[in-house]
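Please read the report below alongside the sequence and the coordinates. It takes the helices first, then the strands and finally the pocket.

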Amino acid sequence: MSTAFKIVTAADWGLIRRMGAYAGSEVDRRDGYIHLSTADQLAETAARHYAGQDALMLLEVDLDPHGPAVVWEPSRGGALFPHIYGELRGDSVRDARPFSVSADGVMRFGDAA
């Protein structure tokens, strides 16, 4: 699989566009890698970690440019999640969509960011 998804704040998306790379959220930096999700994992990730938040961006990330920095590791009941050990390259972002997550964990697209 060569595509994964990263949820970031709109402010962090602005930083990625200006700087060309992203060192990650506080959680990413603490854990030592950039957390990503597959399409099948995305709704649960949003509900679990972003419920009640707005001004978010969903980034579609091409993993190929990251080469061996991408490691698939088990989490949540053994499911393999993609992690980038290093910075998320801005040029690997194929698409960015504004969205929010309702208090009950439902992703809502079309929110301004």
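In helix H1 (residues 10–19), the buried residues are Ala10, Trp13, Gly14 and Ile16. Viewed down the axis of H1, these buried residues fall within an arc of 160 degrees, so they line one face of the helix. The model described here, and throughout this report, is a predicted one. On the face of H1 turned away from its buried side lie the exposed residues Ala11, Arg18 and Met19.

The buried residues of H1 pack against several strands, namely S1, strand S2 (21–22), S4, strand S7 (88–89) and S8. Arg17 also has its place in helix H1, and this residue is exposed, with a relative accessible area of 59%. Arg17 and Tyr33 are separated by 16 residues in sequence, and their C-alpha atoms are 20 Å apart in space. Just after H1, Gly20 adopts a positive phi of about 85 degrees.

## Helix H3

Which residues of H3 are buried? They are Leu42, Thr45, Ala46 and Tyr50, and they cover an arc of only 100 degrees around the axis, which puts them on the same side of H3. The partners against which the buried residues of H3 pack are S1, strand S4 (56–62), S6, strand S8 (93–101) and strand S9 (107–109). Just after H3, Gly52 takes a positive phi, in this case of about 80 degrees.

Strand S1 (3–9) has six of its seven residues buried, so it is largely enclosed by the rest of the structure. S1 is joined to S4 by seven bridges, and the two strands run antiparallel. Within this pairing, Lys6 has Leu59 in S4 as its bridge partner, while Thr9 stands opposite Leu56 in S4.

For S4, six of the seven residues are buried, so this strand is likewise largely enclosed by the rest of the structure. S4 also pairs with S8, in the antiparallel sense and over six bridges; here the bridge partner of Met57 is Pro98 in S8. S1, S4 and S8 are each among the elements packed against by the buried residues of H1, and they are also among those packed against by the buried residues of H3.

In general terms, strands of a sheet pair through backbone hydrogen bonds, either parallel or antiparallel.

S3 and S6 run antiparallel and are joined by two bridges, and in this pairing Ile34 has Ile84 in S6 as its bridge partner. S5 and S6 pair over six bridges, again in the antiparallel sense, and the bridge partner of Trp72 is Pro82 in S6.

## The largest pocket

The largest pocket of the model has a volume of about 500 Å³. Of the 24 residues that line this pocket, the closest to its centre are Val27, His35, Thr45, His49 and Tyr50.

Strand S1 (3–9), helix H2 (26–31), helix H3 (42–50) and strand S6 (79–84) each supply at least two residues of the lining of the largest pocket.

Key:
Residues are numbered from 1 along each chain as its sequence is written. This is a predicted model: local features need pLDDT of at least 70, side-chain atom pairs count only at pLDDT 80 or more; totals for chains, interfaces and linings use all residues. Side-chain values use heavy atoms; hydrogens and water are left out. On a 1 Å grid over the protein atoms alone, a cavity is a set of points where a 1.4 Å probe fits but cannot get out, and a pocket is an open set with protein on both sides within 12 Å along at least five of seven lines; lining residues have an atom within 4 Å of a point. Grid points are joined across faces, edges and corners, and a volume is the space filled by probe spheres set on the points. Helices (H or I, at least four residues) and strands (E, at least two) are DSSP runs, numbered from the N terminus. Two strands pair if DSSP finds at least two bridges between them. Buried means under 20% relative accessible area, exposed over 50%, partly exposed in between (1.4 Å probe, protein chains only). The arc is that of the directions from the helix axis to the C-beta atoms. Contact means heavy atoms within 4.5 Å.
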